[in-house]
Amino acid sequence: MLNPNLAESDQASIAQKAKQARASAQAPPAPAARQALLQQAAELLSREDAVLVAHYYVDSDLQELAEDTGGCVADSLEMARFGFTHSASTVVVAGVRFMGETAKILSPEKRVLLIEPQAECSLDLGCPADTFSTFCDQHPDRTVIVYANTSAEVKARADWVVTSSIARDLVADLSAKGEKMIWAPDRYLGDYVKRQTGADLLLWDGSCIVHEEFKGEVLSNLKKQHPRAKVLVHPESPASVIELADVVGSTTQLIVAAQQLDSSFFIVATEEGILHKMRQTAPDKTFLAAPTAGEGATCVSCARCPWMKMNDLQRLIATLQAGSSQVSIDEEIRIRAEVPIHRMVEYGRQRA
Ligand code: 13P
Ligand code: SF4
């Protein structure tokens, strides 16, 4: 679906960038080489006084390395918090660009490295700062809430930054105070929050190219084949998929639900990298990825984020050796973006 907030050329450029990212993914290392690479990466992290902060969607080797070396594997809210509070002088982000930018905004004194600086996010790309700022100027009576999956410039224009773990609660709280809001960029999450809270939300028309591909009708058929299965859905998915969910939540909330729910079979509608942590934390349970295309059709993403999949052990080693891919942010933008991010972290802390 086209985004009316964006020119068609911008839409085409998002699709083109995703295609390039898919093409640049490297084959996983052979088992014999893998152990040596893990060892080398761990030594480099220690030598550089660096901590590895990884998202659940990146490859399982990076997730394990992060945990084995005192870093973390987390959702985007916890990634922000962890990098900010950790004592290491270098934070290495295994994720996408906005995650590196958030880490740098919160910790300007630290060196923040992205394993892969070309790792984008379709939500971030679909919300250019200048167009978004004009949109906000047209609605001066509205509180501006932006999802963490945005650039530093967009965050600098916002009153609040949120992640999926706190979006619904925060909007409900602001709505109860009588506030009308702009929500950007994910229209599916925005629409879900609007339906849940009844808040007056004006939605930007962005989407995640991965979650957008989950198909309600095919999922419904799959559910019929597995009547006892519980369905876990990330709220960046279309409403027809969310409707079928037993639990809707952030990546961490879905992992916790998989452990706690009294079921041994789950269908999971979010990026497939999360299955590693689900299988690790609930080893006796069975997890099936939700369908991303019509029966028999060839899926485009197959629930794989092309940008998250650019992160791998070889690139981590190259980044640490070269000290390259440092995140830098204009100080004036950083100071403005820091305010709504701190609000998010504090709001999340109070609710934890
Ligand atoms: P979480 O905040 O739930 O980790 O989601 C981040 C993301 O990019 C989802 O696609
Ligand atoms: Fe962005 Fe979607 Fe990838 Fe998450 S899965 S980083 S929202 S493109």
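**View 1. The packing of helices H9 and H10 in a predicted model.** In this predicted model, helix H9 (residues 167-176) packs against helix H10 (residues 187-197) at an angle of about 50 degrees, and their axes are 9 Å apart; helices (H or I, at least four residues) and strands (E, at least two) are DSSP runs, numbered from the N terminus, while axes are lines fitted to C-alpha atoms, for helices over the stretch in contact, with angles running from 0 to 180 degrees between N-to-C directions. That angle makes H9 oblique to H10, given that angles under 35 degrees count as roughly parallel, over 145 as roughly antiparallel, 65 to 115 as roughly perpendicular and the rest as oblique. The contact is formed by Ala-167, Arg-168, Val-171, Ala-172 and Ser-175 of H9 together with Leu-189, Val-193, Gln-196 and Thr-197 of H10, where two residues are in contact if their C-beta atoms, placed from the backbone, lie within 7 Å. By class, these residues comprise five nonpolar, three polar and one charged (Ala, Val, Leu, Ile, Met, Phe, Trp, Tyr, Cys and Pro count as nonpolar, Asp, Glu, Lys and Arg as charged, and the others, Gly among them, as polar).

Residues are numbered from 1 along each chain as its sequence is written, and chains are lettered from A and ligands numbered from 1 in the order in which they are written. Local features need pLDDT of at least 70 and side-chain atom pairs count only at pLDDT 80 or more, whereas totals for chains, interfaces and linings use all residues.

**View 2. Helix H5 and its contacts with H4 and H16.** Helix H4 (residues 76-85) and helix H5 (residues 97-106) pack at an angle of about 35 degrees, with their axes 9 Å apart. Ser-76, Met-79, Ala-80, Gly-83 and Phe-84 of H4 meet Met-99, Thr-102, Ala-103 and Leu-106 of H5, a contact with six nonpolar, three polar and no charged residues. H5 also packs with helix H16 (residues 331-351), at an angle of about 100 degrees and with the axes 9 Å apart, which makes H5 roughly perpendicular to H16. Here Thr-102, Ile-105 and Leu-106 of H5 are in contact with Arg-334, Ala-337, Glu-338 and Ile-341 of H16, and the classes are four nonpolar, one polar and two charged.

**View 3. The surroundings of ligand 2.** Ligand 2 is surrounded by 13 residues, of which the closest are Cys-121, Ser-122, Cys-208, Val-210 and Cys-305. The shell holds nine nonpolar, two polar and two charged residues. Because domain 1 (28-119 + 307-329) and domain 2 (123-208 + 333-351) both give residues to this shell, ligand 2 lies between them.

Conventions. A residue is near a molecule or strand if its C-beta atom, placed from the backbone, lies within 6 Å of it. Domain bounds come from an automatic or database domain assignment.
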